[in-house]
Amino acid sequence: MTNKNWKPATKLVHGGTTRSPFGETSEALFLTQGFVYDSAEAAEARFLGDNSGYIYSRYANPTVSMFEQRMCDLENAEAARATSSGMAAVNSAIMACVKAGDHFVAPKALFGSCRYIIEKILPRYGVETTLIDGSNIEEWKAAIRPNTKGAFLESPTNPTLSVVDIQAVADLVHEVGGRLIVDNVFATAIWQSPLQLGADVVIYSATKHIDGQGRCLGGIVLSDEKWITEEFHDMFKHTGPSMSPFNAWVLLKGLETLDLRVKRQSETAAKIADLLSQSEKVSTLIYPGREDHPQADIVKKQMRGGSTMLAFDIAGGKEAAFKFSNALEIVSLSNNLGDAKSLITHPATTTHQSVAEEARLELGISDHTLRVSVGLEDQEDLLEDFSKALAAI
Ligand SMILES: *Cc1c(COP(=O)(O)O)cnc(C)c1O
């Protein structure tokens, strides 16, 4: 049950719903590994692909299919495969693009595990990689070669929220016949549609805003039907990064409120950004919804809204940043994001602790950089919490 003309909020509630003969209101949870066939002939036909139907939950499962279809509706994508985590989605999408002898390009500013796959794992299998400053289109031009089979980017990036011109990069990658994979976790499907901007594949960690309540891991790879069936599906089916039906069910329910949550969280984030920008105890503030974002023109071109995330530097170094974090009462210290609970992290000593100091500074992550994921708490309560923490430094 889907109508292409529905607005996102409607698709998020109804998209992909397939009812069992019981006519249940809520999506059914098909917690099963396998499926039975009416006859030996029917089993043979299903394995031959002559009749559609399920075979084994590593390949596909009715609850997982509902989640995949709802995400396809939201992204206007032709096909998708749900995965056990965001990293399973990133890894399988990248691996399906390349073989030994190919070349791959990505920005240096990436979620740590994404960078590990590109920088450390790909070269072990004979794929040469080039890491660049993703916000500089000249560096993309210089890096892309005739054998560049793929590129990967996040926009806005973790943790410093710089943005990459998706359309411009897609054009460059397509000139040599490569595929552009976009990790849309920070923007969410509510504010940005990479496939409509020219990307070939979009991936999510569903663990973040799609769940939105900190419960389970999940991921998804969305693209065109041809690539998913011809290039991606067999690798996916035989290597098994599949999503559990239980997680798909939780995430389907999460999607129902995605539009509400992301809009509310972004609205609160904008207010917190305004508050922080007015304090002399904050030296730099980066919020994609503000005019003073370093790439506000690109944000305006490719995003429909700001972000649930903000990044800022506390004047006074690590000690002041720690003092500020510890003084927050409502906002919890955690490296996670996209949760209903507001979370703050000090990247230099947590998510990016293993990155060498020089490389970290190059990414704009200093000892006094903090990243906040804004939750669903009352706006006034949160503003008061931030004001008190600023006063405590
Ligand atoms: C969290 C995250 C991932 C990885 O997702 P998991 O579900 O934790 O495996 C990938 N990219 C970005 C931008 C993320 O924030």
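A residue counts as near a molecule when one of its heavy atoms lies within 4 Å of it. With that in mind, let us look around this predicted model, starting at the ligand.

**Around the ligand**

The ligand is surrounded by 14 residues, and the closest of them are Gly86, Asp183, Ser205, Thr207 and Lys208. By residue class, this shell divides into 6 nonpolar, 5 polar and 3 charged.

On the backbone side, a polar backbone atom of Gly86 sits 2.8 Å from an oxygen atom of the ligand. Met87 also takes part through its backbone, with an N or O atom 2.8 Å from a ligand oxygen atom. Ser205 uses its side chain instead: a polar atom there lies 2.8 Å from an oxygen atom of the ligand. As for cover, the ligand taken alone exposes 380 Å², and the protein buries 91% of that.

**Cavities**

How many cavities of 30 Å³ or more does the structure hold? There are 2 of them, and the table sets them side by side.

| Cavity | Volume | Lining residues by class |
|---|---|---|
| Largest cavity | about 60 Å³ | 7 nonpolar, 3 polar, 1 charged |
| Second largest cavity | about 40 Å³ | 6 nonpolar, 3 polar, 2 charged |

The largest cavity is lined by Met71, Leu74, Val185, Thr188, Ala189, Tyr204, Ser205, Lys208, His209, Ile210 and Leu258. Helix H3 (62-75), helix H8 (188-191) and strand E6 (201-205) are the elements that each give two or more residues to this lining.

Which residues line the second largest cavity? Its lining is made up of Ser57, Arg58, Tyr59, Ala60, Asn61, Val64, Glu68, Ala82, Phe236, Ser242 and Met243. Arg58 and Glu68 are among these residues, and the lining includes 2 charged residues.

**Toward the start of the chain**

Finally, a stop at Thr2, which is found in the segment before helix H1 (8-14). Is Thr2 buried, partly exposed or exposed? Its relative accessible area is 38%, so Thr2 is partly exposed, given that this class runs between the 20% limit for buried and the 50% limit for exposed. Thr2 and Leu285 are 283 residues apart in sequence, and their C-alpha atoms are 41 Å apart in space.

Technical notes. Residues numbered from 1 in each chain as written. Predicted model: local features only at pLDDT ≥ 70, side-chain atom pairs only at ≥ 80, totals over all residues. Heavy atoms only, no water. Polar contact = N/O pair within 3.5 Å; in protein donor to acceptor, adjacent residues only side chain to side chain. Areas by Shrake-Rupley, 256 points an atom, 1.4 Å probe, with all protein chains shown as cover. Nonpolar A, V, L, I, M, F, W, Y, C, P; charged D, E, K, R; others polar. 1 Å grid on protein atoms, 1.4 Å probe; cavity = no way out; pocket = protein on both sides within 12 Å on 5 of 7 lines; lining within 4 Å. Points joined across faces, edges and corners; volume = space filled by probe spheres on them. Helix = DSSP H or I, 4+ residues; strand = E, 2+ residues; numbered from the N terminus. Buried < 20%, exposed > 50% of the residue type's maximum accessible area, 1.4 Å probe, protein only.
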